Amino acid sequence: LESTHSSREAHSDTAMPLSAKATAAQLAKWTDFFAVGFMPWDTQRPASQLVAFLAHSERGRAGGDHDHEDSPAASPATPAAARASASDTRSRDHPIRRVVELGCGMGASTHWLSTKVDVAVGVDLVHGTIDAARAAAAASGSRATFVCGDIFALPIEELQPASFDLVFDCQCFHCTYFVDAKKAVAAIASLLRPGGLFLCLTGNDTEPEVGPAVLSRAQIESAFEDSGLFDIVYLREGRFDPTPAYAKLQRLPLCWELLARRKPPPAI
């Protein structure tokens, strides 16, 4: 979570049933941030890690070299792990056609996704950001859909269970984690088809917190592995993309890049 600003009371019609007090506090905080134009995470362009991931996935479907050193899965600790991870991200049998972005903000990544996939949906808790994203979509002719909603209050009409090939999250999970980590992971899993992928960029506690809230490797691994809902494909360090606010820092904030695969439901 970014540095603290004062927050107004959330409107009663936006309070969510699960962890209502925490959710209302989050809503009020992010609404205040948007109202004063304080969005230090906003790059105004698609996340570079997402662009690289989709490019790798498209090469995989085209029969390209999955073990190439620039593939997004080619940097686990060992060459063998890199090869296994690269192989595990192939999408020939299940191409990525339907994507939802959690915490989409102004929608730059969702707009870009709409040019690459059949269905791109952006979800955010703050009405103002969704209104701005919808206005940008109307002005540009973007096919992206934007939904104001809370992942703790699923299902939502536009977010049907098990209907997405990829869930993308840039700086949302380190917020929902502190509301209810188990239910956040379960909500993400509920959106994905079996074998679907969760690509997440979240704060990293290896360095002192300078902006985004931070999580440890152990916290992330425990949240996903202990859920029984996901296999972790890779979890590696990187840097968040530059923004005007981050340019004022000594260096870009450290992030975790997580790719996790939705397990199939247990056989009956």
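This report on a predicted model covers its sheet, the helices packed on that sheet, a cavity and some backbone features.

## The sheet

Seven strands make up an open sheet with mixed pairing, in the order E3-E2-E1-E4-E5-E7-E6. Its edges are strand E3, residues 145–148, and strand E6, residues 230–239, each of which pairs on one side only. With direction ignored, neighbouring strands of the sheet are turned by 15 degrees against each other on average.

Tyr234 has Leu259 in E7 as its bridge partner.

## Helices on the sheet

Helix H6, residues 173–191, packs on the sheet and touches strand E1 (98–102), E4, strand E5 (192–203), E6 and E7. The direction of H6 makes about 160 degrees with that of E5.

Helix H7, residues 217–225, also packs on the sheet, where it touches E5, E6 and E7. Here the angle of about 160 degrees is between the directions of H7 and E6.

## Cavities

The model has two cavities of 30 Å³ or more. The second largest cavity has a volume of about 270 Å³. Its lining consists of 24 residues, and those nearest the cavity centre are Trp41, Asp42, Thr43, Glu101 and Cys170.

By residue type, the lining of this second largest cavity comprises twelve nonpolar, seven polar and five charged residues. Helix H4 (108–113) and strand E4 (164–170) each contribute at least two residues to the lining.

## Backbone features in loops

The loop between E3 and E4 contains Pro155 and Ala162. Leu154 and Pro155 are joined by a cis peptide bond, with omega about 0 degrees. Ala162 is a residue other than glycine with a positive phi, near 55 degrees. The relative accessibility of Ala162 is 43%, so this residue counts as partly exposed.

A positive phi is also found at Gln44, where the angle is about 65 degrees although the residue is not a glycine. Gln44 lies in the loop between helix H1 (20–35) and helix H2 (48–61). With a relative accessible area of 65%, Gln44 is exposed, because the cut-off for that class is over 50%.

Key: Residues numbered from 1 in each chain as written. Predicted model: local features only at pLDDT ≥ 70, side-chain atom pairs only at ≥ 80, totals over all residues. Heavy atoms only, no water. 1 Å grid on protein atoms, 1.4 Å probe; cavity = no way out; pocket = protein on both sides within 12 Å on 5 of 7 lines; lining within 4 Å. Points joined across faces, edges and corners; volume = space filled by probe spheres on them. Helix = DSSP H or I, 4+ residues; strand = E, 2+ residues; numbered from the N terminus. Nonpolar A, V, L, I, M, F, W, Y, C, P; charged D, E, K, R; others polar. Pairing = 2+ DSSP bridges. Axes fitted to C-alpha atoms, helices over the stretch in contact; angles between N-to-C directions. Contact = heavy atoms within 4.5 Å. Buried < 20%, exposed > 50% of the residue type's maximum accessible area, 1.4 Å probe, protein only.
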